[in-house]
Every structure is written in structure tokens, then in C-alpha cells.
Amino acid sequence: MRKLITLFLLDFRLLTKNKWFYLKLILFPSLLILILGTAFGGSDSSVKAFDVAFYNAHKSVAAQGSPLALGKSLKNVFMREDLRKVIHLQEAASYDEGKQRVEDGHASVFIYVPDNFTNAAIKQEAANLVVIGESAKTLQTAIVRTILEQFCEQLNLLNEEKSAVLQFSNGGNGLPQAQIAELQSHIFNFSGRSPDIPTVSTQKDAVPVDAIQYYSIAMVVMFSIMTAFVLVHSIVDERQNHTLFRIRSTPAWDVQYVLGKLSGIILAIVLQMSCVILISWLVFAMSWGQPLELLMITVVYAFAIGSLVLLWGFIAKDHTTVSSLASPVLYIFSFLGGSFVSRSELPESLRIIQGLLPNGKAINAYLSISQNNGLAGSYKDLLELIGLGVICIIVCISQYSGRRWSFRAIYHHAETSAETDI
């Protein structure tokens, strides 16, 4: 144990003397978090209330009073109590006025209902509804479009019910026309809502994660991969400077040298994560979750990704070989793992891959802690990361031991040759 600590302290002392350690591994990720905080600082996971301008071109008084005044029905949809908390409807006097309100910033979205909307809906033709949204308010525009699409789907359903009633009345049962008209009027005038369906969360204490929080986690996980590759170059340096040969001539065990290198990588990633968490907490008041749980996830992930990259460091022959794999792994893992694109926005096939990659598992575990789900929601990912790290460490020790015996053979051959020459 003493030899392991000695090797670790020696390696870490050499690491801290390098000024690039502070720039690449600590200052640069921290600066990136400050940039992300400035960019996403005004974002919120909840939808804020916004103004919607509305103009119905169907001006006929008789049509407005008839049961088929669908423009008025559409307006009533936006006047529902649950939607009024989010959407503030404004009556516009004309199409140009509604459009101008959006251009002036007085409304986020403008809805135009043409005068032929009712007839087009009855005939199941194109409704020609117009939605004009402010370019910077894509979320609000998407909400309005979703409501309009659902309204049109309900119209199609009502038309199908109407056709079924007419077909039934013409099928020989001889329903009186008065009853048919009354039924149609009831269908189109029905303003009742579906019964409330309770929404139950799988985690009742779960909290939403803001964009800045997600991408802060994702970026730090991405930089940890770069951190591991930067530190692995020290193995190549020791091999080229013949330092590794002198270390192998000591009675230190193979596992001590390998774990000493891995401990340096783990500590560097923990320091990197701690700096980012501290800065985001002080500057943006961001809550990451329980510190001990975050530390456990960081150590487990650093153990897995560090041992994986460390294996490549023992296999690589020079710095070029190490760097040739660093960029593909960094970008491919970051994209598929959810650092560049949110995991919720990935297609289903790539979402499966995201859950298999070590950095993807780390992001999911950090998000579980941030959402107050605790380690119970990510213990499988942590166990799999530990298993991956153990396998890679065993292969690293085997690789190092093979090279150790190769160096001993070369050294023994050199001694034999020298004695022969004498």
C-alpha cells in the first residue's frame, strides 16, 4: 500500500508541475460552464404565460349564432380555464393587425381563422388556418400548433359521427329529421371536457432539469474523456525516457504501478468535476444533488473511463498512436452519449446506444441525482461501470506484465552479450 501511495504521489506531483494541467483540465471546463450559464441562464424548464393574437374572419352574424360556427368554438378552446393560465388571448381587428402585433413583440403567436373555415371543416377539406409566430418563440408557436391540430382532429371525429348518424337514419330505421338535426346540433355544440385523468409520476419527488444543468453535466463528462487521454501520455513519456524501465527494475508489483496511474486519473477527474460543481453553485445557484452521491458517481465513472483509456496507453507505442484514438473516441462517445444532443432528442435506436456507453451511463446517473431520484435510479449503471473498469484493469495488468517480462528478457540478453564480448 505504501508503494502504491508513493507511486501515486510521484505521478501527481509531476502532473501538477505542468501548467497545461490547470488550463486544460480545470480552467477550460470551468470557463465553458460560465459560457453555458450565460447562454442558458434565462431558460426555464416551465412554460411561462404568453400572448396570442386571434382574428376570426367569419363575420356573418347568422353563422356566428349557428351551431356550426367553428371559429367561435376554436376561440372558446383557448378560453378554457386550464389554457388561460398559459395563453393570454387577444382579439385582433384584422389580419394585418394581428400580424403586426407579432412583429412588434406584443404577441408571441397570431392565429388567423379564414371565413371558409367552417365549410372546409365540414367537407373535410384543407382548413387553411394561419399561424404566425415570432422567430424567437418557437416553443410558444409549437404549443399553439399542437392545440390547433388536436382541434382539427376532433372535427374529423365529429364529421365521422355525423356521417354514421346519417347512414344509420337512411338504413331503414326512419329516424325523424328533427331528431337528426337535434343530434347534430348537440354534437357540434358540445363543449364538455373529458373526465380528468390523474397523472402519476414514477418518482413523486423528481424535479425537472434545466438546459444549463443538463449541458453542464454533459460537458464535464465529455471533458473527463479528454482528461484521461491527456494523462495517459505520461505512460508514453516514461517509456520513451526509459523511466518505465527503471520503475520495472524495482520490486514494485505490477498492480501497484497500474493502480497508481489510474488513481492519478481518478483524482484529476474528481478535481475537474468539483471545480465545475463549485463554480456553477456559486455563480448560478445550481443544485446538483447530494455531494456524497455525486462523489460516488464521479469516482465510479472515473474508474471506468480511466481504466479504459489507460488500457490504450499501455497498448500505444507513441504519442501519435494515443492522439489518433483520442479524437474519434471523444467526439463519437460525446455525440452518442448525449453530450452534444440531449438523450431525449436522440432517436430510439441511438438512445439504446447512449445507455450502453460509459459516458452515457454517467450522464444518466448524474441526472438521476439532480432529479432527486438518488442512487436507486442508477445503481445498475454504476455496477456496470464498475464491471467495465475491473475488466479493463485486469487487461491492463496483463499487458503491463507482458511488457515487463519482455524488458527483462531484453535486459538479460544485453547482459549475456556483454559477458560474451568480454
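Partly exposed residues are those between the buried class, under 20% relative accessible area, and the exposed class, over 50%. At 34% relative accessibility, Arg-351 therefore counts as partly exposed. The model is predicted. Its protein chain holds 17 helices and four strands, and 40% of its 422 residues count as buried.

**Overall chain**
- The protein chain exposes about 23,500 Å², of which carbon and sulfur atoms supply 61%.
- Counting contacts between residues at least 6 apart in sequence, 76% join residues at least 24 apart.

- In soluble globular proteins, nonpolar side chains tend to be buried together.
- The largest nonpolar core has 63 residues, and Ile-225, Trp-288, Leu-310, Phe-314 and Tyr-366 touch the most other members.
- Two or more residues of this core come from each of H2, helix H10 (211-240), H12, helix H13 (291-315), helix H14 (319-337), helix H16 (358-370) and helix H17 (379-421).
- With 17 residues, H10 gives the most to this core.
- Leaving out residues up to four places away in sequence, Leu-310 touches Val-232, Ile-235, Val-258, Lys-261, Leu-262, Ile-265 and Cys-396.
- A second core, separate and made of 18 residues, includes Val-52, Phe-78, Ile-87 and Phe-117.

**Helix H4**
- In helix H4 (residues 70-78), the buried residues are Leu-70, Gly-71, Leu-74, Val-77 and Phe-78.
- These residues cover an arc of only 110° around the axis, so they are on the same side of H4.

**Nonpolar surface patch**
- Phe-28, Leu-31, Leu-34, Ile-35, Leu-278, Trp-281, Leu-282 and Val-283 form a nonpolar patch on the surface, with about 800 Å² of accessible area together.
- Helix H2 (19-40) and helix H12 (254-284) each contribute at least two residues to the patch.
- Val-283, a residue of H12, has a relative accessible area of 52% and is therefore exposed.

**Salt bridges within one helix**
- The count of salt bridges comes to five.
- Glu-97 pairs with Arg-101 in a salt bridge whose closest N and O atoms are 2.7 Å apart.
- Because Glu-97 and Arg-101 are four residues apart in helix H6 (residues 95-104), about one helical turn separates them.
- Glu-97 is partly exposed, at 29% relative accessibility.
- Arg-351 forms a salt bridge with Glu-348, and the closest N and O atoms are 3.7 Å apart.
- Both Arg-351 and Glu-348 lie in helix H15 (residues 348-354), three residues apart, or about one turn of the helix.
- While Arg-351 is partly exposed, Glu-348 counts as exposed at 52% relative accessibility.

- A salt bridge joins the side chains of Lys-361 and Asp-381 (3.5 Å, N to O).
- This pair links distant parts of the chain, with Lys-361 in helix H16 and Asp-381 in helix H17, 20 residues apart.
- Lys-361 is buried with a relative accessible area of 6%, and Asp-381 counts as buried at 16% relative accessibility.
- Asn-364 is placed in helix H16 and counts as buried because its relative accessibility is 14%.
- Apart from neighbours within four places in sequence, Asn-364 is in contact with Arg-343, Gln-354, Gly-355 and Asp-381.

Terms used:
Residues numbered from 1 in each chain as written. Predicted model: local features only at pLDDT ≥ 70, side-chain atom pairs only at ≥ 80, totals over all residues. Heavy atoms only, no water. Patch = residues over 30% accessible without salt bridge, like charges linked within 9 Å, V, L, I, M, F, W, Y side chains within 5 Å. Areas by Shrake-Rupley, 256 points an atom, 1.4 Å probe, with all protein chains shown as cover. Salt bridge = Lys/Arg side-chain N within 4 Å of Asp/Glu carboxyl O. Buried < 20%, exposed > 50% of the residue type's maximum accessible area, 1.4 Å probe, protein only. Core = buried A, V, L, I, M, F, W, Y, C linked by side-chain atoms within 4.5 Å. Contact = heavy atoms within 4.5 Å. Arc of directions from axis to C-beta.
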